[in-house]
Amino acid sequence: GEFSPERSTIHEDESRPKRQRVSGLTGKERERSKRMFGKMLFGTLKGIKETKPTEKENKRMELDTRIQATIDAERKEAMEEEEKKREERKKKDQEFREQQKMIKERRRLIFKRNKMLKKFERDREFLKTDITGPYVLWIPGKHNEKTQKMLEERKNEEFKEPF
């Protein structure tokens with residue numbers, strides 16, 4: 001005889017008994033089969049979980065830990081820097097608002113002063129009653145010595161700065 005790989009393979013397959021299929025089993029046998037498979041699978045997974053890491057794996061885990069610590073430190077530093085920048089911007093914005101508020105207040109006071117000055121200039125052409133509280137501005141139809149003197153005094157009055 002000649003050697004034939006096909007023949008050899010067929011011979012080996014015929015000599016081995018076939019495995020029973022799970023579908024052909026009865027109820028109790030099927031349950032036992034499932035239970036045994038579950039225990040085997042669980043035992044294998046448990047064994048993998050319990051295996052101790054090798055030296056190479058330990059070194060890799062240490063390296064990973066160091067890299068993660070470095071990343072965490074850099075992230076923390078970046079967050080702190082960002083917080084600082086945010087606080088600076090907030091402070092600058094607050095200062096700007098305060099400055100704008102002061103400018104607005106100054107403009108308001110200048111406007112009020114100018115309004116008071118215009119009123120003073122207009123009112124100095126008239127005589128003012130000498131009563132307390134609200135006063136009356138008036139001018140006589142015909143001036144006499146007293147009213148003329150009062151008008152001169154009124155025109156010589158100086159504006160008192162309100163602020």
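Where is the place of L45? L45 lies in helix 2, residues 27–50.

1. A word on the basis: this is a predicted model, where local features need pLDDT of at least 70, side-chain atom pairs count only at pLDDT 80 or more, and totals for chains, interfaces and linings use all residues. Residues are numbered from 1 along each chain as its sequence is written, and side-chain values use heavy atoms, leaving out hydrogens and water.

2. The protein has four helices and two strands, in the order α-α-α-β-β-α along the sequence. Helices (H or I, at least four residues) and strands (E, at least two) are DSSP runs, numbered from the N terminus.

3. Of the 163 residues, 6% count as buried (under 20% relative accessible area; exposed is over 50%, partly exposed in between, with a 1.4 Å probe and protein chains only).

4. T147, L151 and R154 are buried in helix 4. Seen down the axis, these buried residues fall within an arc of 60 degrees, so they line one face of the helix (the arc is taken over directions from the helix axis to the C-beta atoms).

5. The buried residues of helix 4 pack against helix 3 (55–123), strand 1 (127–128) and strand 2 (137–138), a contact being heavy atoms within 4.5 Å. On the face turned away from the buried side, helix 4 carries the exposed residues E145, K146, K149 and N156.
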